Amino acid sequence: MILPMVAEGLRFSAGGVEIIRGIDLELRAGGPTLVVGPNGAGKSVLLRLLHGLLAPGAGVVRWAAGDAARRQAMVFQRPVMLRRSVLANAEYPLKLAGIDPARAMAALERVGLAALAGRPARKLSGGEQQRLALARAWAMGPEVLFLDEPTASLDPAATRQVEAIIAAIAAQGTKVVMTSHDLGQARRLAEEVVLVIAGRVNAISPAPDFFERPPTGEAAAFLRGDLLW
Amino acid sequence: MQDIGSAFALAFGLILSGDDGLARIVGLSLRVSLTAVGIAALVGLPLGALLAVARFPGRQALVVALNALMGLPPVVAGLVIYIALSRSGPFGSLGLLFTPTAMVIAQAVLIAPILAALSRQVLEAMWDEYAEQLRSFGAGSWRAVPTLLWDGRFLLTTVLLAGFGRASAEVGAVMVVGGNIEGFTRVMTTAIALETSKGDLPLALALGVVLMAIVLGVNALAQGLRDLAARRGA
Amino acid sequence: MFRRLFLGLGLAMATALPLAAQTQSITVSSTTSTEQSGLFGHILPIFTQSTDIAVRVVALGTGQALDVGRRGDADVVFVHDKDAEERFVAEGFGGPRRAVMFNDFVIVGPAGDPARVNGLRDSVEALRRIAAARAPFISRGDRSGTHAAELRLWQQAGIDVATGRGAWYREVGQGMGPALNTAAAQNAYILADRGTWLAFRNRQELRIVTEGDERLFNQYGVMLVNPQRHAHVKAEAGQRFIDWLVSPAGQEAIAGYKINGEQLFFPNANRPGA
């Protein structure tokens with residue numbers, strides 16, 4: 001297991017603006033962790049720091065095992081589809097990692113895209129592309145899966161399908177860490193909620209507690225729908 | 001105006017007559033330029049892709065150098081290769097001067113920088129889109145090169161055609177290193193230059209029309225295949 | 001789909017690599033006048049048919065053609081500048097020189113004839129008049145045999161075109177054909193070899209104004225590049241070509257080349273001193 005993961009003193013600036021202003025965070029095995037907060041709070045940057053796509057200006061991210069990079073995956077808000085078939089997209093990271101590409105087809109079946117395996121991936125609808133991105137990550141069998149606003153650009157029907165897939169991935173034992181600005185989504189999926197405001201972690205608590213007894217004043221205001229910044 | 005009209009008529013007549021000499025010249029033009037494009041692509045496309053993805057010291061200088069080499073006068077390239085391949089030059093023992101192989105080398109040298117520079121531009125835009133996703137997959141720069149080349153294959157067809165266009169239109173380099181030997185190293189452009197020298201302007205122009213038709217045909221063929229492949233979504 | 005396209009391209013290239021059938025061949029560096037007048041197109045097939053040796057001609061100015069021989073990039077040099085040829089032999093680059101044939105130069109000029117040289121037989125006098133009239137004159141300016149001949153005539157006319165020339169004297173630095181194209185476009189006088197002139201199509205206002213002067217005779221010579229200097233020279237095949245050119249069969253082939261019934265080159269391999 002690469003979990004638990006401990007992040008200490010994370011700071012990150014871009015273009016002279018400090019986006020992450022000192023974050024300590026621990027991720028343990030279990031159900032989905034939802035990172036919520038207003039737009040511009042630094043949720044997406046935080047996810048990229050944890051996944052290793054961005055190098056922090058200060059602080060460290062420590063995983064419990066050495067080869068953590070290979071045992072985690074990430075799905076972006078607008079997934080990048082390679083200019084290839086649906087199946088070839090799902091196979092690409094498997095081949096890269098030296099894993100049997102036959103797992104790609106099984107993953108496509110689980111997200112309901114097996115019938116479209118031969119289609120060009122870029123001709124899929126937004127919802128289908130997001131499901132393909134999830135299948136592509138899922139096929140890798142990651143221990144941790146980062147999802148950056150996976151339903152932000154989807155309609156409700158596609159959102160429902162994507163959430164069902166996320167729940168299934170979590171149910172199989174993959175730790176899901178996901179940003180969202182949709183509180184309803186957080187209620188539906190989260191086991192743990194992390195509230196990020198202005199580049200800092202404002203609150204961390206189990207999901208039921210967070211919604212029923214907001215641990216901070218800002219959490220209560222965020223839940224009420226007040227503008228926090 | 002009359003000259004141009006008669007040139008088209010003459011070109012048409014030349015093509016219809018199935019003239020042996022013309023067929024040989026056309027065949028050699030195609031073989032030399034296509035081979036040169038193939039060889040230049042083997043070097044130029046990976047180099048362009050690497051420049052698109054990798055950041056290393058000297059990269060910017062290399063990009064500037066490639067852009068400058070795009071403007072390399074063919075006759076200069078021809079002269080350098082002439083001196084290199086001459087019996088008195090460093091590669092003289094190969095006996096390649098005044099052969100089609102020398103012409104292939106000259107054209108490949110001319111267009112490799114073009115293919116590299118253009119493919120860098122095309123693939124850099126694609127890399128902007130792909131970079132984060134590929135790094136998340138654990139693909140480093142080296143692994144990204146073949147991925148970009150494959151995914152950029154439709155865009156790169158246009159790059160290859162640009163290279164082919166330059167190669168087949170080029171006269172200075174192949175004249176110098178090929179020698180315009182009848183039946184052996186004479187290609188469309190050197191034949192046109194020769195007929196111009198002989199003052200047979202209508203024939204020269206007719207050959208020009210034939211050359212344009214060939215280039216047009218190759219472009220149409222490539223475009224058609226590309227569209228077909230794109231429709232099938234390969 | 002695309003894979004197949006690449007495969008097809010690769011196949012096309014693979015078949016392109018053996019670019020020529022390997023019969024025996026020699027490379028001859030020669031002049032634009034012999035190539036562009038069509039002489040080689042007439043005599044080479046006859047030679048190749050009887051010997052099975054293919055002749056590849058690289059047509060350049062005489063100076064360049066001799067340079068190609070000096071560098072060892074040709075087996076045989078076939079040019080028309082006796083002084084330069086004798087220097088080439090004396091320096092050990094090839095030889096011995098064999099005289100083959102001659103043709104003649106003509107002075108070509110615009111129909112309007114501003115220098116009043118039309119019909120004049122004396123070529124040196126013709127050049128004096130052109131210079132005096134400051135009528136436009138196109139010079140090859142490319143170290144070719146024709147250029148060398150032109151400079152000799154100017155010298156005999158006592159006119160120093162190297163330093164004392166005016167805007168009327170224009171060097172183009174190109175072969176006979178392009179120089180004729182320039183003369184036609186500018187209505188200028190020019191010294192041309194008769195063969196190229198007869199085969200030249202873009203004459204416009206140009207016509208022959210001076211011809212028949214013995215000083216306008218243009219001697220061609222041929223030499224084997226020295227195989228001791230360049231070991232790869234195909235001495236045997238090259239020598240056969242030279243021997244054929246000066247043989248009765250070769251001389252007859254040269255005499256047989258005509259444009260509009262007019263003979264262009266006159267074989268004189270056996271004339272002493274040629």
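Predicted model: local features only at pLDDT ≥ 70, side-chain atom pairs only at ≥ 80, totals over all residues.
Local features need pLDDT of at least 70, side-chain atom pairs count only at pLDDT 80 or more, and totals for chains, interfaces and linings use all residues. Residues are numbered from 1 along each chain as its sequence is written, chains are lettered from A in the order in which they are written, and side-chain values use heavy atoms, without hydrogens or water.

**Chain B**

Select chain B. It has 10 helices and 0 strands (DSSP runs, H or I of at least four residues for helices, E of at least two for strands, numbered from the N terminus). The C-alpha trace spans about 65 × 50 × 30 Å along its principal axes. Of the 234 residues of chain B, 51% are buried (under 20% relative accessible area, with a 1.4 Å probe and protein chains only).

Next, select residues 20–53 and 100–136 of chain B, which are helices H2 and H5. Their axes come within 5 Å and cross at roughly 35° (lines fitted to C-alpha atoms over the stretch in contact, with angles from 0 to 180 degrees between N-to-C directions). The crossing of H2(B) and H5(B) is right-handed (the near helix is turned clockwise from the far one by less than a right angle). The contact of H2(B) with H5(B) has 23 nonpolar, 6 polar and 2 charged residues (Ala, Val, Leu, Ile, Met, Phe, Trp, Tyr, Cys and Pro are nonpolar; Asp, Glu, Lys and Arg are charged; the others, Gly among them, are polar).

**Chain C**

Move to chain C, with 11 helices and 12 strands. Its C-alpha trace spans about 65 × 60 × 40 Å along the principal axes, and 56% of its 274 residues are buried. Select helix H4, residues 62–70 of chain C: the buried residues include Thr62(C), Leu66(C) and Val68(C). After H4(C) comes Gly72(C), with a positive phi near 85°.

**The largest pocket**

Now centre the view on Arg24(B), Ile181(B), Glu182(B), Gly183(B) and Arg186(B), the closest to the pocket centre of the 43 lining residues. The volume of the largest pocket is about 1,200 Å³ (the space filled by probe spheres set on grid points joined across faces, edges and corners). A pocket is an open set of points on a 1 Å grid where a 1.4 Å probe fits, with protein on both sides within 12 Å along at least five of seven lines; lining residues have an atom within 4 Å of a point.

H2(B) gives the most to the lining, 8 residues. Among the other elements that each supply at least two are helix H10 (201–232) of chain B and strand E2 (54–60) of chain C. By class, the lining has 22 nonpolar, 9 polar and 12 charged residues.

Key
Buried < 20%, exposed > 50% of the residue type's maximum accessible area, 1.4 Å probe, protein only.
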